[in-house]
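Reader: I would like to learn how to read a model of a complex. Could you take me through it one feature at a time?

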Amino acid sequence: MTWTAILVLAAGAYGFKLAGVLVGNRVANPALRRSISLIPPALFCALIALQTFETDNTLVLDARAAGLVVALAATWRKVPFVGVIVLAMIATALTRLAGG
Amino acid sequence: MTEPQVSPTLRRDSVVLGAAVGLVGVTFGVLATTADLSMVKAMAMSLLVFTGASQFAAVGVISSGGSPVSAVGGALLLAARNSLYGMRLSERLAPFGWKRVPGAHFVIDETTAMSVAQPDETSAVEAFWWTGAALFFFWNLGTAAGVLIGDAIGDPNVWGLDAAFPASFVALLGPHVSTAPGRVAGIAGAAIAIGAVPFTPAGAPILLAALAIVPTLLLFRNTEPAT
């Protein structure tokens with residue numbers, strides 16, 4: 001990773017963030033506003049799915065799936081935030097230890 | 001800043017989320033050392049790029065022998081979604097004037113999730129700044145720790161650290177999928193992303209997931225928007 005690459009990435013990443021922040025509140029069209037409000041649920045569910053079932057651009061089923069199942073169950077049972085994360089990590093670590 | 005309607009658990013949850021993300025930061029630090037990044041370069045990435053998925057993607061490409069150009073290209077594709085988050089958060093950040101410019105650095109998955117989930121404006125703004133500050137602190141602390149102890153702990157995923165990010169988003173998901181359009185957008189987003197993985201370059205599936213708003217809007221075009 002060269003310094004040029006790091007600085008270009010930093011500038012680009014910040015540029016994306018800032019552009020959204022500066023342009024977003026000028027969007028007045030109600031349909032477009034509604035579209036923007038639907039972005040978080042769509043992207044968060046996609047992130048959960050990708051972080052659980054994707055490795056190196058390939059779909060895989062591994063120990064992370066056990067963590068996802070436990071996280072869903074813990075959230076459904078109203079386990080506090082930190083508990084959900086710890087239980088999911090334990091489930092994934094144990095499944096991996098068992099060869100999953 | 002402590003208006004009565006702000007939930008007492010909000011600041012604690014922000015710090016807990018930050019700490020969980022700090023664990024992911026440890027993983028990034030370890031990966032950075034395996035890709036032969038110096039401490040200074042690894043820290044520069046966490047301080048200046050500050051968007052986890054892009055950092056992992058860039059370092060992953062480098063460590064598997066890819067060129068810096070493809071590393072930066074893939075990472076920027078992943079970073080593009082922060083523009084969409086910025087648009088979602090822009091109205092809440094508008095009253096902050098020039099502070100939006102440095103504040104934009106905090107516009108990432110976690111701050112959007114925490115802020116948009118809040119029931120009122122005061123909490124939403126508080127959630128953004130607290131989560132942003134906590135994440136920035138712990139992400140960089142974790143990165144430094146990962147670089148320092150990288151050789152000692154080996155593969156951090158033995159400890160299930162790769163489960164921390166998806167689990168935290170499962171826990172944060174509730175308020176985002178409390179409406180029918182939110183649930184449809186969520187299911188469609190996950191389906192599009194998974195479906196796109198075999199056919200698109202790294203970084204594209206998460207952006208394509210934004211197209212989930214199209215079927216959602218068509219399905220709910222006759223109902224009142226619930227914001």
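This is a predicted model: local features need pLDDT of at least 70, side-chain atom pairs count only at pLDDT 80 or more; totals for chains, interfaces and linings use all residues.

Reader: Which span should the 12 residues of H3(B) have at 1.5 Å a residue?

Author: The expected span of a helix is 1.5 Å times one less than its number of residues. For the 12 residues of H3(B) that gives 16 Å, and the end C-alpha atoms are 16 Å apart, so the two values agree. H4(B) can be treated in the same way: it has 12 residues and reaches 16 Å from its first C-alpha to its last, close to the 16 Å expected.

Reader: What follows just after H3(B)?

Author: Look at the backbone angles there. Gly65(B) takes a positive phi of about 90°.

Reader: How many of the 12 residues of H3(B) are buried?

Author: Burial is read by counting neighbours: a residue is buried if 20 or more other C-beta atoms lie within 10 Å of its own. In H3(B), 9 of the 12 residues are buried, so the helix is mostly covered. Among them are Gly52(B), Ala53(B), Val59(B) and Val61(B).

Reader: What covers the buried residues of H3(B)?

Author: The cover includes H1 of chain A, and from chain B it includes helix H1 (9-34), helix H2 (39-49) and H4.

Reader: Which residues does Ile62(B) touch, not counting residues up to four places away in sequence?

Author: Ile62(B) touches Met1(A), Ala35(B) and Ala71(B). Ala71(B) is itself one of the buried residues of H4(B).

Reader: What covers the buried residues of H4(B)?

Author: The elements that cover them include H1 of chain A, together with H3, H5 and helix H11 (204-208) of chain B. The buried residues of H4(B) include Val72(B), Leu76(B) and Leu78(B).

Reader: How is chain B divided into domains?

Author: Chain B has domain 1 (9-164) and domain 2 (179-227), and their C-alpha centres lie 23 Å apart. The contact takes 7 residues from domain 1 of chain B and 7 residues from domain 2 of chain B. On the domain 1 side, helix H4 (68-79) and helix H5 (81-93) of chain B each supply at least two residues. H4(B) gives the largest share of that side, 3 residues. By class, that side has 5 nonpolar, 1 polar and 1 charged residues.

Reader: How many residues of chain A are in contact with chain B?

Author: An interface is read one side at a time. Here 59 residues of chain A are in contact with 85 residues of chain B. On the chain A side, the elements that give two or more residues are helix H1 (3-24), helix H2 (30-37), helix H3 (39-53), helix H4 (63-76) and helix H5 (81-97) of chain A. The largest share, 16 residues, comes from H1(A). The residues of that side divide into 41 nonpolar, 13 polar and 5 charged.

Reader: What is the secondary structure of chain A, and why is chain A said to be more spread out than a compact globule?

Author: Chain A has 5 helices and 2 strands, in the order α-α-α-β-β-α-α from the N terminus. The radius of gyration of chain A is 19 Å, well over the 13 Å that the globule rule gives for 100 residues, so chain A is more spread out than a compact globule. The C-alpha atoms fill a box of roughly 50 × 40 × 25 Å along the principal axes. Buried residues make up 51% of the 100 residues in chain A.

Technical notes: Residues are numbered from 1 along each chain as its sequence is written. Chains are lettered from A and ligands numbered from 1 in the order in which they are written. Two residues are in contact if their C-beta atoms, placed from the backbone, lie within 7 Å. Helices (H or I, at least four residues) and strands (E, at least two) are DSSP runs, numbered from the N terminus. Ala, Val, Leu, Ile, Met, Phe, Trp, Tyr, Cys and Pro count as nonpolar, Asp, Glu, Lys and Arg as charged, and the others, Gly among them, as polar. Domain bounds come from an automatic or database domain assignment. The radius of gyration is taken over C-alpha atoms; the globule rule is 2.2 Å times the number of residues to the power 0.38.
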